[in-house]
Amino acid sequence: MAYNLKESVKKPERLAGGHRMCAGCGAPVVVRAILRALKEDDHAVIGSATGCLEVSTCLYPYTSWKDSFIHSAFENAAATVSGAEAAYNALKRKGKITGDTKFITFGGDGGTYDIGLQSLSGAMERGHDMVYICYDNGAYMNTGIQRSSATPSFADTTTSPAGNVIPGKMQPRKDLTLIMANHNIPYVAQTAPMGNFKDIYAKAEKALYTPGAAFINAFAPCPRGWRYETPLLMDIIKLAVDTCIWPLYEVEDGKLTVNYKPRKKLPVEDFLKAQGRFRHMFKKGNEWTIEQFQKDVDEKWERLLSMEEN
Amino acid sequence: MNKKDKLNLGNDVNWKEISPGGVINEPGNSDKFKTGDWRSVKPVWIKENCKQCMLCFPVCPDSSIPIDENGKRLDFDFDHCKGCGICAEVCPFSAIEMKDN
């Protein structure tokens with residue numbers, strides 16, 4: 001069925017308010033968008049890797065989740081949920097369980113790109129019928145903005161502080177979405193909550209209702225760590241997509257499709273200058289960092305377009 | 001401890017009363033925890049400007065824009081709204097204004 005925002009809002013809310021995420025956080029926006037793609041009658045078993053989302057949505061004795069939620073450790077969220085899926089299959093086979101249950105794992109970029117990579121890779125390779133969703137805010141925000149392998153180059157974090165010695169993080173970002181695509185699983189997508197949320201909804205629906213393992217990498221700005229004013233969330237997301245820093249694409253059975261090609265590709269400065277974590281890049285003497293950043297983005301974008309053609 | 005008690009665990013629960021395994025038996029009970037007092041500015045819904053386009057609903061991190069059974073938005077849930085202002089920023093019809101709390 002074609003996507004209709006006004007229809008999708010009628011679905012029951014699956015993430016209650018009262019969680020302790022910061023004001024203006026991008027992660028609950030991603031979570032709500034993904035959970036709206038579930039059919040109303042389906043139940044979900046959700047696990048989460050340690051991170052802001054886990055510790056803020058499930059503070060004993062309160063939970064914000066209206067579906068089953070499993071508190072997991074940093075490195076094993078994908079393993080936990082894949083185990084739950086295997087148990088469900090066994091019970092279903094024996095006729096001890098009725099109804100449809102979907103298995104979803106949420107992880108931040110720390111719990112996905114770095115610490116949870118082995119359990120994620122294993123769960124995807126074993127082909128469990130589950131969806132892993134990474135909400136990528138580009139650093140360990142929960143513990144105080146330490147760099148992760150998802151942090152973009154030249155970002156100022158507490159473990160890659162910009163100053164006289166280095167201009168922020170010196171390494172490029174790891175491209176996890178393509179790493180997951182190379183696991184040859186049925187569905188991999190990179191998305192962001194944007195505009196009327198069609199892109200993220202359609203991708204979540206495909207991921208949830210495609211049998212087998214699926215991975216979604218969703219862009220989730222963090223006003224605290226990125227140092228921008230909270231109302232600008234949707235503007236920052238739009239800029240990341242329009243500058244091609246965060247391309248929206250999906251890989252279905254090995255076929256890559258770029259879902260959004262900006263009519264006018266914006267210069268990376270537009271995205272960088274909106275955020276305090278890149279402020280030092282505009283200082284005299286650091287012009288090369290912006291040139292380098294633009295070159296990296298252009299190269300990656302060109303590579304993505306050529307992969308789509310082949 | 002019987003099941004009824006477990007459902008009524010409050011913010012002041014002590015270690016003798018906690019449920020085995022730290023299980024929470026009441027889905028979505030964070031509703032009872034009011035995060036509205038975090039707010040320094042509050043969104044004001046100007047009903048006559050609102051075209052019910054629904055663009056504000058999905059951008060709320062705190063699920064604080066209630067929807068009725070006809071799919072129309074209602075006034076903000078000020079028990080949980082943290083006053084981030086994303087809804088006011090995305091509104092194309094100037095139907096949400098941020099005011100001092």
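I started with B:Met54, which sits in the loop between β1 (41–45) and α2 (86–90) of chain B. Helices (H or I, at least four residues) and strands (E, at least two) are DSSP runs, numbered from the N terminus. Housekeeping before going on: this is a predicted model, so local features need pLDDT of at least 70 and side-chain atom pairs count only at pLDDT 80 or more, while totals for chains, interfaces and linings use all residues. Residues are numbered from 1 along each chain as its sequence is written, chains are lettered from A and ligands numbered from 1 in the order in which they are written, and side-chain values use heavy atoms, with hydrogens and water left out.

I looked up phi for B:Met54 and got a positive value near 75 degrees, in a residue other than glycine. Most residues other than glycine have a negative phi, and most peptide bonds are trans. Is B:Met54 buried or exposed? It counts as buried, at 2% relative accessibility; buried means under 20% relative accessible area, exposed over 50%, partly exposed in between (1.4 Å probe, protein chains only).

A:Asp253 also has a positive phi, about 45 degrees, and is not a glycine. I found A:Asp253 in the loop between β7 (249–252) and β8 (255–258) of chain A, and at 68% relative accessibility it counts as exposed.

Next I checked omega: the peptide bond from A:Tyr60 to A:Pro61 is cis, with omega near 0 degrees. A:Pro61 belongs to the loop between α3 (52–57) and β2 (68–71) of chain A.

**Back to the chain B loop**

B:Arg73 is in the loop between β1 and α2 of chain B. Leaving aside neighbours within four places in sequence, the contacts (heavy atoms within 4.5 Å) of B:Arg73 include B:Trp45, B:Met54 and B:Ile96.

B:Leu55 lies in the loop between β1 and α2 of chain B and is partly exposed, with a relative accessible area of 24%. With neighbours within four places again left out, B:Leu55 is in contact with A:Leu5, A:Gly195, A:Asn196, B:Val90 and B:Pro92. B:Leu55 and B:Val90 are 35 residues apart in sequence, yet 7.0 Å apart C-alpha to C-alpha.

I searched the whole structure and got 6 cavities of 30 Å³ or more. Grid points are joined across faces, edges and corners, and a volume is the space filled by probe spheres set on the points.

The largest cavity holds about 450 Å³. It is lined by 28 residues, with A:Arg173, A:Ile245, A:Trp246, A:Val297 and A:Lys300 the closest to its centre. Helix α12 (residues 287–309) of chain A gives the most to that lining, 8 residues.

How values were computed. 1 Å grid on protein atoms, 1.4 Å probe; cavity = no way out; pocket = protein on both sides within 12 Å on 5 of 7 lines; lining within 4 Å.
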